[in-house]
Amino acid sequence: MPAANLTIDPAFTIAPVNRRTFGTFVEHMGRCVYTGIYEPGHATADEDGFRNDVLELTRELGVSVVRYPGGNFVSGYRWEDGVGPRSERPRRLDLAWHSVETNEFGLDEFSRWCAKAGVEPMMALNLGTRGVQEALDLLEYTNHPGGTALSDLREQHGAAPYGIKLWCLGNELDGPWQVGHKTPTEYGRLAAETARAMRMIDKDLQLVACGSSSSAMPLFGAWEREVLRETYDFVEYISCHVYYGNDDGDTASFLGSAVNMDRFVDAVVATADHVGAELKSSKKIGISFDEWNVWYKDRSRRTDEDGDGWAVAPRRIEDEYNVTDAVVVGNLLISLLRHSDRVGVACLAQLANVIAPIMTERGGPAWRQPTFHPFAITSRLASGQVLRVETESPLTTTAKYGDIPAVDAVATYDEGRVAVFAVNRSTEAPVEITVDVSRAGATRIDEAWIVHDEDGLATNSAEHPDRVTPRPVEARLQDGKLTVTLPAISWTAVSLSTD
C-alpha cells in the first residue's frame, strides 16, 4: 500500500484559526430564502416564519458569518424594500435571476434570523444601480443608535442597532452579466468614495472590495491591481470567488481543485502586496473568499416553472451533491485553513437549496447533503493555531494540474489539543498516512471520522437523508505516531489530546 508521512510541530504556526473561515451565504436566489430558511406555515416555523429545522442544521453546520443579500441579486437591490410592515413592502423584478422578489423577507428579518442562528451578519452593498448616499443611508439604519431619521425608523420597526461591522462594497462588478457592470477604475473610485464616507460614520468598519468574479476572467490580476490602487487605504479585504465542478467527468482533476485554490490565493496575495509596495504601505490586505463551492453548471437541477414569465422563488441551481463532491469541499477547507494568514473571511455559497449543504422541500423535511459533513466537523474541531504540515506523499496524475500529492492535509493545535484534516485525492489507491504528533505531545485519540463510500456518486435525499454520513475510522497512536489508512477519494479528521 502506498504510504505518506506527515510531520507537525506546534512551534511552526501559520496563523490563528479564524472563525470567519466557516461562513456561508444567503442570497435572494431560487429557494435559498423562501422555503429555505423562511417558510411561514411550515410545521417547524417560529413566530417570525423561520424554519427551526434549518436553524438547527445551521447551528450544527458550525456557521460563523453569513453574507447577505447577494450575490448578483444585490446589484439591483433596494434595502428599503425589506424593512417595516410586510403589508406595505413592494414586489420588484429581480433582473439577476429573472424572478419576482416579494420582499416578505428583508433586512429586518435577516437580522433577527442571524441572532437566532448565532451568526455574524456580513452585509453586501448595492454599488451596481446605487452609490454612496444609499450606502450611508443603510449604515445609518443598521448601526446608528438613534436620534436621526433612519435610526429612528429602525426603532419604529422594533429593532435595536444591528451593529453590522463587516461590509462588501458591491459584488462581481467586473462581470458583464452584473447590473451596473463597471471598469476597474470606475468601480475602484466608487468603492473608495463609499468606503471613505462610511468611515466618517464608523471608523471601525471592516470593508471588502470586489475582486475578480473568478480567476478565469480576462482582467483577473489587472482588475485587482487597479481596484486596490484606488481602495488600498480604505479596505481590509479584497474578495475572491471560485466554483469547481466535474462536468467533464475528469474526476482526478476535480479532486485536485484545491491546487487551483492555492494558486488563486497566492496570485491575489502577490498582486495585493505589489500594490502595497507601490504605495509604500506596511498594511497587508486580506482575502475574503466570500463565494466558494462545488457547482455543476452544466447539469444543475432546476425547473422552468416560471416559463417566459417572472416567478416567485423558482428552483435555481439545486445541485445534488455526492461523496466525491464532499471530499473536494473538505479539501478546499484545508486550503482555506492553510492560508489563514491572509484569508480572513470565507463563505460557502449558499446555505440552503441553492448549491447548498442543506436541502429542504416546501412543507416537508430538511436534510444534510454530503458536503455538510466535512464543513461541520472541520468547524467543530479546528481551533487555536493552524500548523504547517510537512508532507511526503505519493503522487497522483491529473490532466489539469499535472502530478500532485495524493495526500493533502492541514492541522491545528490548541493547548494540548490537535486536529488533523486529510484527504486522499487518488481515484484508485488507498494511502496509509503516518503523522508524527510527538512534538505536540498528543497521547490520546479522541475522535476519528471519515467521509467515504465505495460508490463515489452516493448522495442523500429526502427519502434517504443518511445514505452518506461520517463514520468512525480506525486510527492508531503509538510512540507519538498517528497511523490511519485513507481509502481512495476520502476525507478524514482526527482529534487528539494530551493526558
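**Loops, rings and strands**

Ile317 sits in the loop between strand 12 and helix 9 (323-338). Keep in mind that this is a predicted model.

Q: What is the phi of Ile317, a residue that is not a glycine?
A: Most residues other than glycine have a negative phi. Ile317 has a relative accessibility of 5%, so it counts as buried. Its phi is positive, at about 30°.

Q: Is His98 buried, partly exposed or exposed?
A: His98 belongs to the loop between strand 5 and strand 6 (99-101), and its phi is positive too, near 50°. Buried means under 20% relative accessible area and exposed means over 50%. With a relative accessible area of 32%, His98 is therefore partly exposed.

Q: What is omega for the cis peptide bond between Ala349 and Gln350?
A: Gln350 is placed in the loop between strand 13 (343-349) and strand 14 (358-360). A cis peptide bond joins Ala349 to Gln350, with omega at about -10°.

Q: How many aromatic pairs are there?
A: Ring centres have to lie within 6.5 Å to count as a pair. By this rule, the count is 16.

Q: Is the pair of Tyr68 and Phe110 stacked or edge-to-face?
A: The centres of the Tyr68 and Phe110 rings are 4.1 Å apart, with 10° between the planes. Planes under 30 degrees apart count as stacked. So the Tyr68 and Phe110 pair, at 10°, is stacked.

Q: How many residues apart are Tyr68 and Phe110?
A: Tyr68 belongs to strand 4 (residues 65-68) and Phe110 to helix 2 (residues 107-117), so defined as DSSP runs, and their pair links distant parts of the chain. Tyr68 is buried, at 0% relative accessibility, and Phe110 is buried with a relative accessible area of 0%.

Q: What kind of aromatic pair do Tyr243 and Trp295 form?
A: Both Tyr243 and Trp295 are buried. Their ring centres are 5.0 Å apart, with 85° between the planes. Over 60 degrees counts as edge-to-face, so this pair is edge-to-face.

Q: Where is Trp295, the partner that sits 52 residues from Tyr243?
A: This pair also links distant parts of the chain. Tyr243 is in strand 10 (residues 237-244). Trp295 is in the loop between strand 11 (286-294) and strand 12 (311-312).

Q: Which residue lies over the face of Phe25?
A: A charge sits over a ring if CZ of Arg is within 6 Å of the ring centre and within 35 degrees of the ring normal. At 4.7 Å from the ring centre of Phe25, the residue over its face is Arg67.

Q: Which backbone oxygen does the side chain of Thr142 reach?
A: Thr142 is part of helix 3 (residues 132-143), and it is buried, with a relative accessible area of 0%. Beyond its neighbours within four places in sequence, Thr142 is in contact with residues including Leu107, Arg154 and Trp167. At 3.2 Å, its side chain reaches the backbone oxygen of Leu139.

Q: How many residues of strand 27 (residues 490-497) are buried?
A: Strand 21 (residues 417-424) runs antiparallel to strand 27 over 8 bridges, while strand 23 (residues 444-451) pairs with strand 27 in the antiparallel sense over 7 bridges. Both faces of strand 27 are covered, with Ser490, Thr492, Val494 and Leu496 on one side and Trp491, Ala493, Ser495 and Ser497 on the other. Strand 27 is largely enclosed by the rest of the structure, because the buried count is 8 of the 8.

Terms used. Residues are numbered from 1 along each chain as its sequence is written. This is a predicted model: local features need pLDDT of at least 70, side-chain atom pairs count only at pLDDT 80 or more; totals for chains, interfaces and linings use all residues. Side-chain values use heavy atoms; hydrogens and water are left out. Rings of Phe, Tyr and Trp (its six-membered ring) pair if their centres lie within 6.5 Å; planes under 30 degrees apart count as stacked, over 60 as edge-to-face and the rest as tilted. Helices (H or I, at least four residues) and strands (E, at least two) are DSSP runs, numbered from the N terminus. Buried means under 20% relative accessible area, exposed over 50%, partly exposed in between (1.4 Å probe, protein chains only). A polar contact is a pair of N or O atoms within 3.5 Å; within protein, one must be able to donate a hydrogen and the other to accept it, and residues adjacent in sequence count only if both atoms are side-chain atoms. Contact means heavy atoms within 4.5 Å. Two strands pair if DSSP finds at least two bridges between them.
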